[in-house]
Structures are given as structure tokens and as C-alpha cells.
Amino acid sequence: QLQASGGGLVQAGGSLRLSCAASGRTFSSYGMGWFRQAPGKEREFVAAISGSGGTKTYADSMKGRFTISRDNAKNTVYLQMNSLKPEDTAVYYCAASGYLTRVRDMYDYWGQGTQVTVSS
């Protein structure tokens, strides 16, 4: 099970750090990803990290502003979001996959989502 937290209301240019806590003993064997879904839009890929944390991949529009990381000792993955823009407003979801992938359908487990709202 995955539990996302850390969302909230922030002004444009501000920062937030999302956390996703996982239960189970095999956390480090899963690639972890963050996705987001804005109202009326498809759920889109944000970032993903390999089980070891050694490989990361980002959507182009988030590269340089968002950083994904993980702490396998704490069974937690993070998404540090800087220089936030109003268009980053969305529900953010964490997910687990047996692969390091950007493909939504390759994720087996999903958290409940946490709302991020960026005001202009």
C-alpha cells in the first residue's frame, strides 16, 4: 500500500515536498513513479526512480524543477517541487512498478493522491 502526503496550497514560485510511504518488505525492488492529474485531463507522468535510486527519469516540463528521491530504509519516495507554476496544480499520485518506466499502465500499485494547488 502507498500513502501520499505533503500536498497543499502554495504561491507560484514556491516549493513543496511530497512523500509517499510504502508498506511491505520489498520496497527497494520496485521502481517508483509520480504522476499527476489536473481536472479534465489525463493522468500524466512526472518522474520515476529505480529501486536502488540510481536512475531517475523526468517529464521534460518538470526537468530542472522537480527532483525525485527515495529512502529505502524508510520505505519512502519523495518529490521535491521547486519553482512551482499554476499549471502544476493537480492531484499527485505515487505508484510502484516492477520496472523503471514512464508508462502509466505498467504501474501495479497506486497511492490515493495528494492535492497540490499553486496560486498565481
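Okay, quick definition to start: when I say polar contact, I mean a pair of N or O atoms within 3.5 Å, where one must be able to donate a hydrogen and the other to accept it. Keep in mind that this is a predicted model.

With that in hand, let's look at Arg-70, which sits in strand 7, residues 66–71. Its side chain and that of Asn-72 make a polar contact of 2.7 Å. The Arg-70 side chain also gets to the backbone oxygen of Phe-27, at 2.9 Å.

So what about a salt bridge for Arg-70? There is none, even though Arg-70 is buried. Asp-71 is the nearest side chain of opposite charge, and that one is 8.3 Å away. Looking beyond four places in sequence, Arg-70 touches a whole list of residues, including Tyr-30, Met-32, Ile-49, Gly-53 and Tyr-78.

Ile-49 takes us to strand 5, residues 44–49. Is that strand enclosed or open? Largely enclosed by the rest of the structure, because 5 of its 6 residues are buried.

Now its neighbours. On one side of the pairing list we have strand 4, residues 31–37, which is antiparallel to strand 5 over 5 bridges. Gly-33 has Ala-48 as its bridge partner there. The hairpin of these two strands has 6 residues between them, and Gly-40 takes a positive phi near 75°.

Then there's strand 6, residues 56–58, also antiparallel to strand 5, with 3 bridges. Here Ala-47 stands opposite Tyr-58. That hairpin has 6 residues between its strands too, and Gly-53 in the turn has a positive phi of about 85°. And Gly-53 is one of the residues Arg-70 touches.

Terms used: Residues numbered from 1 in each chain as written. Predicted model: local features only at pLDDT ≥ 70, side-chain atom pairs only at ≥ 80, totals over all residues. Heavy atoms only, no water. Buried < 20%, exposed > 50% of the residue type's maximum accessible area, 1.4 Å probe, protein only. Helix = DSSP H or I, 4+ residues; strand = E, 2+ residues; numbered from the N terminus. Pairing = 2+ DSSP bridges. Lys, Arg positive; Asp, Glu negative; His and termini not counted. Salt bridge = Lys/Arg side-chain N within 4 Å of Asp/Glu carboxyl O. Contact = heavy atoms within 4.5 Å.
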